[in-house]
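Here is my note on the side-chain packing of this model. Please read it beside the coordinates.

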Amino acid sequence: GVITVKDSLAVQSFGYKNYLPLGNPEIIAENLDRWGVDEILLLSIDRTAKNQGPDIHLLERLSVKGISTPLIYGGGINTLEQAVKCIQSGAERICIDAALHGDKKIIHEISNMIGAQSLIASLPLHINNNSEINVYNYLSLESISDTKPLFELFTNGLISEALIIDWLHEGQRDGFNMNLLKSFPNKEIPLIVFGGLSEK
C-alpha cells in the first residue's frame, strides 16, 4: 500500500502535476494495516524540494499507533544521518529518489550502514520515442536517457529493490505501461509497481 504525502496530507497524484487531497495519512495507514497489506510505503513527495529533510514527525506519530505492518519511508533523505534517523523512528526500510541523481557516495554510505536489503530505489520511468527506458528527475524536470549509472547501483549490490512508477499514467485507470517491466534491465531485482494500476 502506497500513501503519497504532500503538505502533510495524503494525496492522489496525477502525472506528478495535479494532486487530490485524500485526508490524514495516519488514518489511511491504519486502514491499510487493517486490510492486511504486506507493507506500507510512505512517500513524502515535497520534502526534498522544500529542503525539509524526512518527515520524522509523521513516522513518530505512526509508531505509536500500534500498526503491525512494516513501514517503508521515502522523502527528503539526502544524507546518511537522515536515513538512519528514519530507521530509528520506525521505518523498517527507506526509499530514495532525488539522492539517486546526486553524489553516489551517499548511496554507498547508506547501503553500508543499513544494508542493501533495507534500501529501495524510487524510479519514475517512461518509454521514449525510441522505445528506450528513461528516468524522470522530478526536481530538474528532466528525462534521463543515460540510465546506466542508476542501474549499476543494483548490479553493484547497493540497492535490493526498485519502486517502478509509471509517472506519465499515474492516477489514470488501468493506465500502467507494461513495457516498463519488459524493458527493465535488471531482471533479477524485485520490483514494486505503482502508477495507473486499477485492476488485478
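The points below cover cysteines, nonpolar cores and aromatic rings.

1. Basis. This is a predicted model, where local features need pLDDT of at least 70, side-chain atom pairs count only at pLDDT 80 or more, and totals for chains, interfaces and linings use all residues. Residues are numbered from 1 along each chain as its sequence is written, and side-chain values use heavy atoms, without hydrogens and water.

2. Cysteines. A disulfide needs two cysteine sulfur atoms within 2.5 Å. The count is zero. The sulfur of Cys 86 has its closest cysteine sulfur in Cys 95, 11 Å away, so the gap is too far for a bond. Cys 86 is buried, at 0% relative accessibility; so is Cys 95, at 3%. (Buried is under 20% relative accessible area, exposed over 50%, partly exposed in between; 1.4 Å probe, protein chains only.)

3. Cores. A nonpolar core joins buried Ala, Val, Leu, Ile, Met, Phe, Trp, Tyr and Cys residues through side-chain atoms within 4.5 Å. The largest has 45 residues, and Leu 123 and Ile 159 have the most contacts inside it. Another core, of ten residues, lies apart from it and includes Leu 41 and Cys 95.

4. Rings. Rings of Phe, Tyr and Trp (its six-membered ring) pair if their centres lie within 6.5 Å; planes under 30 degrees apart are stacked, over 60 edge-to-face, the rest tilted. The whole structure holds five aromatic pairs. Tyr 16 and Tyr 136 are edge-to-face, at 6.0 Å and 70°. Tyr 16 is partly exposed, at 21%, whereas Tyr 136 is buried, at 10%. Ring pairs link both to Trp 167 in a cluster.
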